[in-house]
Amino acid sequence: MPLLTVNDLRTYFHTRSGVYRAVDGVSFTLERGETLGIVGESGSGKSVTCYSIMGLVPQPPGRIESGTAIFDGVDLLHCTPREARAIRGKRVAMIFQDSMTSLNPYLRISEQLIEPLLIHEKIPRAAALKAGLAMLEAVGINDAARRIHYYPHEFSGGMRQRVMIAMALITKPELLIADEPTTALDVTVQAQILELIRTMQRDLGMAVILVTHDLGVVSGLCDRVQVMYAGRIVETADTRALFYAPKHPYTRALQRSIPSTQAKGTELFTIPGMPPDLAKPIAGCAFAPRCSFTVDHCRDTNPPLTECGPGHFQACLRVQAGEI
Amino acid sequence: MPDPILELRDVKTHFPIQRGFFIKRQAGVVKAVDGVTLSLQRGEVLGLVGESGCGKSTLARTIMQLVPTTGGTVVLEGKNLASGSAAEVRRTRRDMQMVFQDPYASLNPRMTVFATLAEPLIVHRVCPRAEVTARVIRLMETVGLAPRFMQKYPHEFSGGQRQRIAIARALALEPKVIIADEPVSALDVSIQAQILNLLAELGRRMNLSLVFIAHDLSVVKHISDRIAVMYLGRIVELGPAADVIERPRHPYTRALVSAIPTPNPDVERTRQRIVLAGDPPSPIDPPAGCAFHPRCPHAREICQAAVPPLMPDSPAREVACVRLAEI
Ligand SMILES: Nc1ncnc2c1ncn2[C@@H]1O[C@H](COP(=O)(O)OP(=O)(O)OP(=O)(O)O)[C@@H](O)[C@H]1O
Ligand SMILES: Nc1ncnc2c1ncn2[C@@H]1O[C@H](COP(=O)(O)OP(=O)(O)OP(=O)(O)O)[C@@H](O)[C@H]1O
Ligand code: SF4
Ligand SMILES: [Mg+2]
Ligand SMILES: [Mg+2]
């Protein structure tokens, strides 16, 4: 049985200007110890997918319209608050994209760091502080014994991000949801954090959902990758297949946009046009207005996610028809 | 013919650390920026890279006069900002704009996108009132945001969309210099490419000068004319962008370049990194001599003797390492 099974998740935002279908029918599974990468357009619903699993969608305006997220037999979207509390923050932990806004500016780092331990494990303060210190050192904060007593504003952006990572790992979760965990970090610290995540996976069998824009990080860490566009999954495959044989036109275009593969000084390849208005129902393929392979058919049929190789699924009508 | 728009001479920014609740006492000083000399040419893009916590954001905030400078001078078009009057500093605000690392914290949560972008236009009387809306729409389009988002609030946007609002706001006053602190880290590669093309084009068209701070070295290499590598409050290497990344000279730059992740699973899983031993040092009591020596694979006795100055290595390159000739 998979550790996590998300089925037909739909999370909409009901705002003055309409209903935004931020996540619109997302399904996936995650095995114990597996690392799943989620990549895709900015605004495509990657963070909202994570928030939905963590029960952190602001309601209102947000609402989970349908779907289930079954973690080890418990549906996180429909369980009692008591059941949820026993899982979230302890067995499932999350690292947020905005590290500054998710730390309380008025509390010392030490207080925030050991809070999950005090709540979930009910261990004495002194022991919690010791564990907190060890975790800060593990994420590469030098002079941790002194710095643990600082306030968030006394840390650099990357140091705050590492505090968030330490907070998430301190309860030794079975599932870590990491939303852009290393974008604020330089490459040497990033390599160190990714190594720490890898070690925790090996030692504790921790599964990871990694949301990132850095395709280099994905290729080093993830077993499988899932590509999102406009609230839907358009392609999912094991990492090698996705990098060496991407099928969906959006995935191909995304790959072409990577700066390191393009000559310096040239204009970078970009995908023309803009992402669709999520407040308007999209009848066909959401990528159709920007896709260079679009035919009429694409605009009126929503392409289903279809298997095109072992474990490789994609949602493009023309790829499915063997035309591209 | 060099034509510097911005010049930093021996700039230092130190933060006192206070401890104690009732009786404050100074427990030390963080030398976040400790002697930086740099010049930015008109129309140039200068990339600034370095370890997390090495002082990049503090240097940016020092240039913008958002933190008090401890020492040295910051000169914008001949005017010394570090010793200028408050009024002078305010005037230069218009010519120099900053995009912050954390777009959520830097946008007012109670202001719609329209209000956010219209405010500087109105305050600085950039255009007649009647043209404000058209101007805002143009700004939004410039950064790839659909004008239909105009009446939305920051929390209604994704991380990447918020960053584009912040960039549009920095562009509103058509500044001469933009200090961009990790402006594209939060963006997907396609939008990142759009923003980079946009910044490059603005640079060409408006002769905009740009200090570009980022962790993604392939991005920095692509957009920058020159790259400055910082380590613990100082510049340790400076040179033409492609050259610095392809032929790094300083041992820290070498380690940095070797850690760049490549978007290629087979390469990424088999390649060799220069793993840095030890932790990043503390800016509170930095190591003696070259601050990198405790982690440097080439360190010798001599490295602890004095802080190595930035010395010309080849005509366009400067490196701060005493053992450069031997390694
Ligand atoms: N509180 C909210 N109210 C209204 N709309 C929202 C809210 N939060 C998110 N959205 C919308 O939901 C969509 C998905 O947002 P999400 O944050 O999941 O994107 P993302 O894929 O994580 O993007 P990024 O890569 O930029 O972080 C966006 O279009 C955003 O505008
Ligand atoms: N207001 C402050 N008070 C005390 N120390 C500070 C303050 N602001 C920054 N520092 C310290 O100064 C050093 C440099 O911080 P800065 O934010 O400039 O780093 P950075 O290079 O931008 O790092 P990152 O890449 O993580 O954003 C850090 O050690 C930080 O803890
Ligand atoms: S379904 Fe059509 S529009 Fe969508 S990606 Fe495939 S070819 Fe392009
Ligand atoms: Mg996000
Ligand atoms: Mg910073």
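Predicted model: local features only at pLDDT ≥ 70, side-chain atom pairs only at ≥ 80, totals over all residues.
Local features need pLDDT of at least 70 and side-chain atom pairs count only at pLDDT 80 or more, whereas totals for chains, interfaces and linings use all residues. Residues are numbered from 1 along each chain as its sequence is written.

The contact (heavy atoms within 4.5 Å) takes 70 residues from chain A and 71 residues from chain B. The area buried between the two chains (accessible area lost on being put together, 1.4 Å probe, summed over both parts) is about 5100 Å², and carbon and sulfur atoms give 53% of this area. In chain A, the most area is lost to chain B by A:S42, A:V187 and A:K264, together 12% of what that side buries.

Three salt bridges (a side-chain nitrogen of Lys or Arg within 4 Å of a carboxyl oxygen of Asp or Glu) are counted between chain A and chain B. A:R16 and B:E156 form a salt bridge through their side chains, with an N to O distance of 3.7 Å.

Ligand 2 is surrounded by residues from chains A and B, so the site is shared between chains. Of the 22 residues around ligand 2 (a heavy atom within 4 Å), those that come nearest are A:E154, A:G158, B:G53, B:S57 and B:T58. An oxygen atom of the ligand lies 2.7 Å from a polar backbone atom of B:G53, and an oxygen atom of ligand 2 is 2.8 Å from a polar backbone atom of B:K56. The protein covers 93% of the 640 Å² of accessible area (Shrake-Rupley method, 1.4 Å probe) that ligand 2 has on its own.

Methods
Chains lettered and ligands numbered in written order. Heavy atoms only, no water. Polar contact = N/O pair within 3.5 Å; in protein donor to acceptor, adjacent residues only side chain to side chain.
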